[in-house]
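Please look through the sequence and the model below, and then follow the paragraphs that come after them.

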Amino acid sequence: MPTWIHGLRRRSVNELRRHPRGSHDLAVGLDQVTIERLRAMIRAGGVQQLAVGDLRADEIAELAWSGNPAHLRSVAAALQRAAQGVEDYLVVRAPGGEPVAKMRIDYTSEADTGVFSQLATMGPLQGLGIATMLIGVGEQRVHARGLAFAGLGVEDSNPRARRLYQRLGYQAVGRQHASWETEDDTGVLRVYCRLPP
């Protein structure tokens, strides 16, 4: 049984605008003290103090906070497509270089559209504007490729993300079924899917 994904897309990248603001485990290399210092730094000086760049293959293991091993394999596959020039995989890095947010951009699945997926911010750093900044950089990448639109999907079970995307100007254009592979702590693979409400 598939999960419903709200297709939020068709935001023209020619209308880029910036907004001043925008439960997973801790990231590899970031302890609680470092997280609190980073939160304080962002609150005091803004999210623009963090660097956004392309994900490197040697950083994939540092994204363990964002999903299970099956998810990390999918990130690695996307990174291979990025090496071919058909996708980008962006990360936001803490001052020490550790990835604290990530997002994939697919340039081939929809005509004239860069499609964002796998967007995640480390749990303790959510709500500080990091995802908003990352989406803005993604929109710039889409625009630089000469594409007219940026698009993304959001699960029914994630109203917080849906509110963020709508606040950034994304509009619902439909619903579609989706499912993906997950892996539990014992290595058992399952297909994640849910009945729509």
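A charge is said to sit over a ring if NZ of Lys or CZ of Arg is within 6 Å of the ring centre and within 35 degrees of the ring normal. By that rule the charged end of R145 sits over the ring of Y107, at 3.7 Å from its centre. This is a predicted model, in which local features need pLDDT of at least 70 and side-chain atom pairs count only at pLDDT 80 or more, while totals for chains, interfaces and linings use all residues. Residues are numbered from 1 along each chain as its sequence is written, and side-chain values use heavy atoms, with hydrogens and water left out.

R93 counts as buried because its relative accessible area is 13%, where buried means under 20%, exposed over 50% and partly exposed in between, with a 1.4 Å probe and protein chains only. Leaving aside residues up to four places away in sequence, R93 touches several others, including L50, D54, E59 and E98, where contact means heavy atoms within 4.5 Å. A polar atom of the R93 side chain lies 2.8 Å from the backbone oxygen of D54.

Is Q48 buried or exposed? Q48 is exposed, because its relative accessible area is 59%, and this residue lies in the loop between α1 (32-45) and β2 (51-54). A polar atom of the Q48 side chain lies 3.0 Å from the backbone oxygen of G45. Although Q48 and I130 are 82 residues apart in sequence, they are 8.6 Å apart in space, C-alpha to C-alpha.

Conventions:
A polar contact is a pair of N or O atoms within 3.5 Å; within protein, one must be able to donate a hydrogen and the other to accept it, and residues adjacent in sequence count only if both atoms are side-chain atoms. Helices (H or I, at least four residues) and strands (E, at least two) are DSSP runs, numbered from the N terminus.
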